[in-house]
Amino acid sequence: MTEYADLSRYEYWDSADEESPPAKTLNVGWLGDALPSVPEEPDPVLVSALVRLAQSHRVRQTRGSHGCRLCPTRDRGIRVETEESPTGSVHLGSAEIEVRGTDGTVYAAPTLIAHYVAAHHYRPPGAFVEAAVAAAEGAGPYHSLVPGPFPEMGTATDRHGDEHTHVGWLTPGMPFDTAAPDARLVDALRALWTTHWSWRSGGTYLCPVCLERAIPPDPAGFGMSAITLPRDRGAPFHVPWTIFHLIEAHRYRPPAEFTATVFAATGSLR
Ligand SMILES: [Zn+2]
Ligand SMILES: [Zn+2]
């Protein structure tokens, strides 16, 4: 992992990349093989906040994994146990944490920062500590999973008595079809999210496939939401916001009839 001074300008990811952070983002906790400051016994509140943020504010997940260069073994990534994760632990070393301070400054830290603070008594800059603790407090039910299971194309009646045909309500272990992501389908779905949304709710949810990654909010910026889309025959389709992440990150392919209905509803040419 590249080493950066605390509060230097963030540059680890190319700004042309889709997942790149806001322009004014500062580095925190990109340590090499030495601590940048005198070690200090960590505040347990900060340690648990960082472990929580490694799930709830996890961004820029990579396939590879970095270990800790301060540890003699230099393992490839570190796993810490936490009751707050559905898997019982969270992996550090393959993603970043992004938090925003009250003055709008964004801080990007490797998830390993939780280990640096807990094990090596690294002391992050005060402004970052403040932002991280505040963000963790507001993280909400970050360990929740998407409601379900609702089998693909299965129908169910919700508590308001409305019958729906479910698409994209994956839960862990549920098989799904895959295909290369279809950018036109994603665009069409984005458009439907402004015209056909049926409910919205706050909160951060874990992906049913990668489990350790919080699902990004829907295109309208809410934590979670769903659209209801009329169908030629049968109960209308009901689709969660997770479909964007499933398509783009996991090559999820929705049922063909649903895709055709989306294109018809948005007037897209097939
Ligand atoms: Zn270490
Ligand atoms: Zn995922």
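Predicted model: local features only at pLDDT ≥ 70, side-chain atom pairs only at ≥ 80, totals over all residues.
Let me begin where two helices meet: Leu-185, Ala-188, Leu-189, Ala-191 and Leu-192 in helix 4 are in contact with Thr-259, Val-262, Phe-263, Ala-265 and Thr-266 in helix 6, contact being C-beta atoms, placed from the backbone, within 7 Å, and helices being DSSP runs of H or I of at least four residues, numbered from the N terminus. The residues of this contact divide into eight nonpolar, two polar and no charged, where Ala, Val, Leu, Ile, Met, Phe, Trp, Tyr, Cys and Pro count as nonpolar, Asp, Glu, Lys and Arg as charged, and the others, Gly among them, as polar.

Residues are numbered from 1 along each chain as its sequence is written, and chains are lettered from A and ligands numbered from 1 in the order in which they are written.

Turning to Pro-255, its place is in the loop between helix 5 (242–250) and helix 6. Leaving aside residues up to four places away in sequence, Pro-255 touches Glu-152, Met-153 and Val-167, and its C-alpha atom is separated by 9.1 Å from that of Gly-168, 87 residues apart along the chain.

Finally, the sheet: four strands form an open sheet in the order 1-6-5-2, with mixed pairing, strands being DSSP runs of E of at least two residues that pair if DSSP finds at least two bridges between them.
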